[in-house]
Amino acid sequence: MTLEKNGIPTPAQLAVIKPSKERLAKGPVVLVECFQKIPCDPCYSACKRGGFLPFEDINDLPQMDYDKCNGCGICIGACPGLAIFVIDETYSEQEALLTIPWEFLPVPDEGSTVQGLNRSGEPVAPVKVVKVRPSAKKNGAMIISLAVPKELADDIRSIRVKD
Ligand code: SF4
Ligand code: SF4
């Protein structure tokens, strides 16, 4: 199955955008899971640190300078495609801090436990909501940080919140 057919990136596509082990070991860093050439670039202007390299053409896929990214997460709320995440593998020995976009209701409470879902929407593991913050962009997605088991940090990309 390809991204065009099921909307899910392949392992090969994900490998291309993953920061190096050395960069991941330094702290939070952006993961841009944007693989379809569409006329879109608000991520570029949302980042004031130069994390996104200038687009030569608006249809280009984002290109990153991971050393300029501090993992602030501002670009998450600016992306209409909900394609941007931040991972912090230094969060604790057992858990990574995964930050995701969230544009649904209900909004989870900080400190609550929600169901972590994979890219297909299937349950993976319960995860703890560490932080909930609004987007800097009007009507942008909320930005939710989750403590996830390190071994599942590459799989979990969404959550299910009980009413
Ligand atoms: S997480 Fe922050 S620093 Fe990193 S690319 Fe996004 S806006 Fe820039
Ligand atoms: S804003 Fe999101 S969808 Fe648009 S180019 Fe950037 S990462 Fe891709």
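What follows is a walk through the structure, from the whole chain to its two ligands and some single residues. This is a predicted model, in which local features need pLDDT of at least 70, side-chain atom pairs count only at pLDDT 80 or more, and totals for chains, interfaces and linings use all residues. Residues are numbered from 1 along each chain as its sequence is written, chains are lettered from A and ligands numbered from 1 in the order in which they are written, and side-chain values use heavy atoms, with hydrogens and water left out.

The chain has 5 helices and 7 strands. Helices here are DSSP runs of H or I with at least four residues, strands are runs of E with at least two, and both are numbered from the N terminus. Read from the N terminus on, the order of elements is α-α-α-β-α-α-β-β-β-β-β-β.

The radius of gyration, taken over C-alpha atoms, is compared with a globule rule of 2.2 Å times the number of residues to the power 0.38. For 163 residues a compact globule would have a value near 15 Å, and the chain, at 15 Å, agrees with this. Along the principal axes, the C-alpha atoms fill a box of roughly 45 × 35 × 30 Å. Of the 163 residues, 40% are buried; buried means under 20% relative accessible area, exposed means over 50%, and partly exposed lies in between, with a 1.4 Å probe and protein chains only. A contact means heavy atoms within 4.5 Å. Among the contacts with a separation of 6 or more, 56% join residues 24 or more positions apart.

Next come the ligands. A residue counts as near a molecule if one of its heavy atoms lies within 4 Å of it. Around ligand 1 stand Cys 47, Arg 49, Phe 52, Cys 69, Asn 70, Gly 71, Cys 72, Gly 73 and Cys 75. By class, this shell holds 5 nonpolar, 3 polar and 1 charged residues. Ligand 2 has a shell made of Val 32, Cys 34, Cys 40, Pro 42, Cys 43, Pro 62, Cys 79, Pro 80 and Ile 84. Here there are 9 nonpolar residues, no polar and no charged ones.

The space taken by ligand 1 is the largest cavity, and that taken by ligand 2 is the largest pocket. On a 1 Å grid over the protein atoms alone, a cavity is a set of points where a 1.4 Å probe fits but cannot get out, while a pocket is an open set with protein on both sides within 12 Å along at least five of seven lines; lining residues have an atom within 4 Å of a point. A molecule sits in one of these if more than half of its atoms lie within 2 Å of its grid points.

Phe 52, one of the residues around ligand 1, is found in the loop between helix 4 (42–46) and helix 5. Phe 52 counts as buried, because its relative accessibility is 3%. Leaving out residues up to four places away in sequence, Phe 52 touches Val 32, Cys 43, Tyr 44, Cys 47, Pro 62, Gln 63, Met 64, Cys 75 and Ile 84. Between Phe 52 and Lys 68, 16 residues apart in sequence, the C-alpha distance is 8.6 Å.

Strand 5 supplies two further residues. Ala 125 is placed in strand 5 and is buried, at a relative accessible area of 10%. Beyond its neighbours within four places, Ala 125 is in contact with Val 114, Gln 115, Gly 116 and Leu 152. Arg 133 is also in strand 5 but is partly exposed, at 23%. With neighbours within four places again set aside, Arg 133 is in contact with Cys 72, Gly 73, Thr 99, Met 142 and Ile 143.

Some loops have backbone features to note. The peptide bond from Leu 105 to Pro 106 is cis, with omega near 0°, and Pro 106 lies in the loop between strand 3 (95–102) and strand 4 (113–117). Leu 82 has a positive phi, near 50°, without being a glycine; Leu 82 is in the loop between helix 5 (74–78) and strand 2 (84–88). Asn 139, not a glycine either, has a positive phi of about 65° and sits in the loop between strand 5 (123–133) and strand 6 (142–149). Leu 82 is partly exposed, at 24% relative accessible area, whereas Asn 139 counts as exposed, at 75%.

Terms used
Ala, Val, Leu, Ile, Met, Phe, Trp, Tyr, Cys and Pro count as nonpolar, Asp, Glu, Lys and Arg as charged, and the others, Gly among them, as polar.
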